[in-house]
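Colleague: I am new to this structure. Could you take one part of it, an aromatic pair, and describe it closely with what surrounds it?

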Amino acid sequence: VQLQASGGGLVQAGGSLRLSCAASGIRVVINVMGWHRQAPGKQREPVASIISGGTTNYTDSVKGRFTVSRDYAKNTVYLQMNSLRPEDTGVYYCTTTRQGRRYWGKGTQVTVSS
């Protein structure tokens with residue numbers, strides 16, 4: 001299983017970014033796919049997830065601003081982030097679980113300036 005995240009960058013508060021996670025070794029429409037983030041000096045925390053049936057879940061702080069989706073043909077999961085805030089700054093990781101083992105992609109840095 002390999003997860004390749006991309007799309008991070010520097011953006012002003014109120015701006016938008018779209019993160020992508022290209023997967024291999026799994027099918028994103030079957031597995032539970034998630035996004036976590038780790039802010040400087042803090043523990044990694046879950047941000048959003050999408051399950052096989054398409055149901056999505058979000059941490060309270062991003063509800064209404066972030067949207068997780070997936071593309072069957074590209075086997076890719078996305079995280080659309082709107083109305084970004086400085087507190088959204090951190091390294092964002094794509095993750096999934098297969099046969100009881102959790103997999104992490106390399107993170108992508110998101111920096112939101114005030």
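**The aromatic pair and its surroundings**

Modeller: Trp104 is partly exposed, with a relative accessible area of 35%; buried means under 20%, exposed over 50% and partly exposed in between, using a 1.4 Å probe and protein chains only. This is a predicted model, in which local features need pLDDT of at least 70 and side-chain atom pairs count only at pLDDT 80 or more, while totals for chains, interfaces and linings use all residues. Residues are numbered from 1 along each chain as its sequence is written, and side-chain values use heavy atoms, leaving out hydrogens and water.

The count of aromatic pairs comes to 1. Rings of Phe, Tyr and Trp (its six-membered ring) pair if their centres lie within 6.5 Å; planes under 30 degrees apart are stacked, over 60 edge-to-face, and the rest tilted. The partners are Tyr93 and Trp104, edge-to-face, at 6.2 Å centre to centre and 85 degrees between the planes. They link distant parts of the chain, 11 residues apart: Tyr93 belongs to strand 9 (residues 90-98) and Trp104 to strand 10 (residues 101-104). Strands here are DSSP runs of E, at least two residues, numbered from the N terminus.

Tyr93 counts as buried because its relative accessible area is 14%. Leaving aside neighbours within four places in sequence, Tyr93 is in contact with several residues, including Trp35, His36, Arg44 and Trp104; contact means heavy atoms within 4.5 Å. Thr111 is 18 residues from Tyr93 in sequence and 14 Å from it in space, C-alpha to C-alpha.

Arg44 also bears on the other ring: its charged end sits over the ring of Trp104, 4.5 Å from the centre. A charge sits over a ring if NZ of Lys or CZ of Arg is within 6 Å of the ring centre and within 35 degrees of the ring normal. Elsewhere, the charged end of Arg27 sits over the ring of Tyr72, 5.1 Å from its centre.

Two strands pair if DSSP finds at least two bridges between them. Strand 7 is joined to strand 8 (residues 76-81) by 6 bridges, and Phe66 stands opposite Met81 in strand 8.

Methods: Helix = DSSP H or I, 4+ residues; strand = E, 2+ residues; numbered from the N terminus.
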